[in-house]
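Hi,

Here is the structure I promised to pass on.

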Amino acid sequence: MKIQELQRIIKSGEHRMLELKKSTGEITKGFQTLCAFLNSDGGWLFFGIAPNLDIIGQNVTDSTLREISNEMSKIEPAVDLPSHIIPVPGKEGYSVIGIHCDGAKFGDAPYTYDGRPFYKVESTTIRMPRPMFEERLRRSNPGRFAWESQTPDFLTMDILDEERIKKAVSYGVQEGRLPSTMTFDDTMELLDKFNMVENGRIKNAAAFLFAKKISSYPQFLIRMARFRGTRKEVFLDTQRLNGNFFEMLDAGMSFLFKHLFLSGEVRGMLRHEELEIPIVALREALVNALCHRLMDSNSSSVGISVFDDRVEIENTGYLPNELTVDTIKLSHKSYPQNPIIASALYRLSFLESWGTGVNKIMTACKNANLPEPEYSSGMGFVWITFKRPEHPAITVSNSDTNYDTNYDTNYDTNYDTIRLSDRHKEVLSFCMIERSSKDILNHIGVSYQNKNIKTYIGYLIDNKLLVRTIPDKPHSLKQKYINAKCLTERMLNSDTNSDTNSDTNRLSDIHKEVLSFCMIERSSKDILNYIGVSYQNKNIKTYIGYLIDNKLLVRTIPDKPHSSKQKYINAKCVTEGKFNSDTNYDTNSDTNSDTNGTRKKAQNGTRTQTRNKIRKD
């Protein structure tokens, strides 16, 4: 390196990837920063440059180089980083010493210096918190540290569904990804071949896929909600299911079938039906969310949110270091969070391998003339957003239909103020878009008779919960019906559908670390210890108070802010149902949930046939 290149590198002063020291008299702090570079994004460490950017250099002797080599040996895992000696013009015998390193990659073991790990937060070098260190250890050696590899004492064969295991294997054999001889193996042998047994003990990975008793696994949870409009404010339908992978997949796809528009056409002698968003894309995204999430925490879950304009599928976790929300759409290798589970699902034909699943999603949406779905990551979650197509049945504000809106538009009728059966609620949920009477009765599984029209449609119209699309001709053959709340919301707020999520772009990396750490209740002491700062009032105010003031973090005891039992939790977890607790959080939320029952199994016609096509278990 020449002096001109050195001047170019340091001209902007110290930052996240540049550290300047006057001399090797500060070698300990310098190598702490070098360790932090190795655990973060890499960078340059220079000895011989003053804080005001004066290049002063120092006398570099054999003793100096031995001292650097000795400090380098204190970094583990061992690294070999050459020292660049740059002579200082006009100062004979004086040079600057430069050391450069690359940043951490996904799966790298965390580096330590003199037995302690460090990492970078903006331009500051701090001790790496223990939870972060342990998480990186798990990534570096998943076979030893990962949740899926743990063998809890309570996990025995009677917790697993042996029939489910055999059915899954038979499907893998049918698809050609498993040898036919595996159908003759007993259950324990099958688990062993999927790397789900160690020393005769069953791993958590087997429970995730095949458990029939899940009381010890609250993280085996999928949350599903249909929201009115484009914000997470009012629930039209909400469901939760605790189960194994196959049960959660089936429940999630059933919920999407229930709330997305289904179209059909006759090709030859057969009628073909398709969701407005391709089934193959939704299913692949849901499988990825279930498989590639973090499951260490009991509060972990997968969520499906259906809005008027989009569908979001989210999971707890993060993207691998090698990928971003943009590059994940490009051709890439596979970096599974849970490799044992991912390998088993690939062999059972429920998951793509080698990173091709994302391409499968993009291709399906492109073929359906839909925009590419968008990936997002932050606050401990990764999610994919599918845009729903615009069509007259959904875009009410652009329709010329003369809806019967001659009723009190200020009403807010809760389902529990009028006696509604589960089938009435099913009708209201189904009629988020225009539906004919025949479609409605077929959806809830009853015969097409006048008495049923009166019972399940007329009753809702009389109570102003359902609206005719042709009010002047109630017996028109073209008559359809739509949920009154849905219609009113769109007509009154058609110009105010922007999603005003909190702007987190102004948050520092430390603030984001706090929000990610607080996916479950945490004390102030635990929070400050996690981010590596001292337990002082100024730090509580800076890193906790700031988030509370901006409604990103909430107290668990809002009436007693100084209580010794006070804890804090990410506001998003509470308001969006990602944390299940009876605590009276101070969220200032007016969200009302409608805890409807699960969908009725008695359904007729091609809708049920189409659903059955995607069930692979």
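This is a predicted model: local features need pLDDT of at least 70, side-chain atom pairs count only at pLDDT 80 or more; totals for chains, interfaces and linings use all residues.

Residues are numbered from 1 along each chain as its sequence is written, and side-chain values use heavy atoms, with hydrogens and water left out.

The protein chain comes to 21 helices and 23 strands (DSSP runs numbered from the N terminus: helices are H or I with at least four residues, strands are E with at least two). Of its 617 residues, 49% are buried (under 20% relative accessible area with a 1.4 Å probe, protein chains only). If you take contacts (heavy atoms within 4.5 Å) between residues at least 6 apart in sequence, 67% join residues at least 24 apart.

Now for the cores (sets of buried Ala, Val, Leu, Ile, Met, Phe, Trp, Tyr and Cys residues joined through side-chain atoms within 4.5 Å). The largest nonpolar core has 77 residues, and Met196, Phe208, Leu209, Phe245 and Phe386 have the most contacts inside it. Apart from that one lies another core of 23 residues, including Met128, Tyr530, Leu547 and Ile548.

Helix α2 covers residues 27-39. Eleven of its 13 residues are buried, among them Gly30, Gln32, Thr33 and Asn39. The axes of α2 and α3 (residues 62-72) come within 11 Å and cross at roughly 45° (axes are lines fitted to C-alpha atoms, for helices over the stretch in contact, with angles from 0 to 180 degrees between N-to-C directions). Ile27, Phe31 and Leu34 of α2 make the contact with Glu67, Ile68, Glu71 and Met72 of α3. In general, an α-helix has 3.6 residues a turn, so residues three or four places apart point the same way.

Further along, α17 (residues 509-517) packs on α19 (residues 537-549) at an angle of about 70°, their axes 10 Å apart. That pair is therefore roughly perpendicular. On the α17 side the contact is made by Ile510, His511, Val514 and Leu515, and on the α19 side by Thr542, Tyr543, Tyr546 and Leu547. Leu547 is also listed in the core of 23 residues.

Cheers

Notes: The expected span of a helix is 1.5 Å times one less than its number of residues. Buried means under 20% relative accessible area, exposed over 50%, partly exposed in between (1.4 Å probe, protein chains only). Angles under 35 degrees count as roughly parallel, over 145 as roughly antiparallel, 65 to 115 as roughly perpendicular and the rest as oblique.
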